[in-house]
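My notes follow, in the order I looked things up.

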Amino acid sequence: FLPVLLHFSRPSPPRQPPDYFFSQRASMLLQHLHLLATWKIVLASTSPRRQQLLQQVRLDVITQGSDFDETSLDKASFSSPADFVKTNASCKVREVVRRHPDASLVIGADTVVTLNQEILEKPRDSADALHTLRRLRGQRVKVISGVCLYRNGTTHQFHEETDVVFRNVTDAELEAYVATCEPLDKAGSFGIQGMGALLVQSIQGDYNNVVGFPLSRFAVEIDKIITREAAEAAEATAAAAA
């Protein structure tokens, strides 16, 4: 099986519906692109996947890794994985804002893979990755991203969840996948944007959320922020004219 798997070294990810990028959510961001082009947008992350996703929708972002120590957060102290990722994203943003006080928008994000509410960490080694993948076969997991947006002294948090269903893959398939070394730096020991797509039967929700950033929900939240600011400016203008 290994030669076959290696032959498909860049598999196509699960396909989105044909109207995905023209959905109502996507259009919310499209109508603000000219305004967003004038903003200094800082991504509080060095993740190439998050940067690529934002660039995919023509956002010019500056990447700035956060010095926040994620291990300082006790996962067990949070009521849910969603609360944990939102807090982690917020802490990243607060640290980066101090270095970019002139930013129009600072974006922080954290993504975890959960199985029955248990957060699956990055594997320690190949053996640990194989152990995790054996747990995932035939199972439905949740990929949860927490996002924090900072603009004009105000933070806005949200989270998005996507269900991923794994095939009943064989040990030989899993061992071949681990041998590629792809899962070794991935939360949950798989990357859906790479060869890990071969292990996935289906997804329900935003594919980009599984990659690392919920673009569609981001469009909705940015629209809310811009619409609110426009309404506040109109109210201030009306009050000044009265």
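This is a predicted model: local features need pLDDT of at least 70, side-chain atom pairs count only at pLDDT 80 or more; totals for chains, interfaces and linings use all residues.

**Surface and overall make-up**

Residues are numbered from 1 along each chain as its sequence is written, and side-chain values use heavy atoms, with hydrogens and water left out.

I find nine helices and seven strands. These are DSSP runs numbered from the N terminus: helices are H or I with at least four residues, strands are E with at least two. The protein has 242 residues, and 48% of them count as buried. Buried means under 20% relative accessible area, exposed over 50%, and partly exposed in between (1.4 Å probe, protein chains only). I also looked at contacts (heavy atoms within 4.5 Å). Of those with a separation of 6 or more, 71% join residues 24 or more positions apart.

**Aromatic rings**

How many aromatic pairs does a search of the whole structure find? It finds three. Rings of Phe, Tyr and Trp (its six-membered ring) pair if their centres lie within 6.5 Å; planes under 30 degrees apart count as stacked, over 60 as edge-to-face, and the rest as tilted.

I looked at Phe-166 and Phe-190 and called the pair edge-to-face because the planes sit at 85 degrees, with the centres 4.9 Å apart. Phe-166 is in strand E6 (residues 154–166) and Phe-190 is in the loop between helix H7 (171–179) and strand E7 (200–204), so the pair ties together parts 24 residues apart in sequence. Phe-166 is buried at 3% relative accessible area, and Phe-190 is buried at 5%.

Phe-213 and Phe-218 make another edge-to-face pair, 5.3 Å centre to centre with 65 degrees between the planes. Phe-213 is buried at 0% relative accessibility, and Phe-218 is buried at 1%.

I then checked for charges over rings (NZ of Lys or CZ of Arg within 6 Å of the ring centre and within 35 degrees of the ring normal). Arg-151 lies over the face of Trp-39, 3.8 Å from the ring centre.

**Around Leu-199**

Leu-199 is in the loop between H7 and E7 and is buried, at 4% relative accessibility. Neighbours within four places in sequence aside, Leu-199 contacts Leu-133, Phe-166, Arg-167, Val-169, Leu-174 and Tyr-177. Tyr-177 is 22 residues away in sequence, and its C-alpha is 9.0 Å from that of Leu-199. In H7, the buried residues include Leu-174 and Tyr-177.

**Pocket and cavity**

Grid rules first. On a 1 Å grid over the protein atoms alone, a cavity is a set of points where a 1.4 Å probe fits but cannot get out; a pocket is an open set with protein on both sides within 12 Å along at least five of seven lines; lining residues have an atom within 4 Å of a point. Points are joined across faces, edges and corners, and a volume is the space filled by probe spheres set on them.

The largest pocket holds about 810 Å³. It is lined by 34 residues, and the closest to its centre are Arg-50, Asp-110, Thr-111, Lys-122 and Ala-187. Strand E3 (105–115) is one of the elements that give two or more residues to that lining, and its four residues are the largest share.

I found one cavity of 30 Å³ or more. The largest cavity has a volume of about 40 Å³, and its lining residues include Arg-151, which I had already noted.

Most residues other than glycine have a negative phi, so I listed exceptions. Arg-58 has a positive phi of about 65 degrees and is exposed at 73% relative accessibility. Gln-117, in the loop between E3 and E4, has a positive phi of about 75 degrees and is exposed at 53%. Just after H7, Cys-181 has a positive phi of about 70 degrees.
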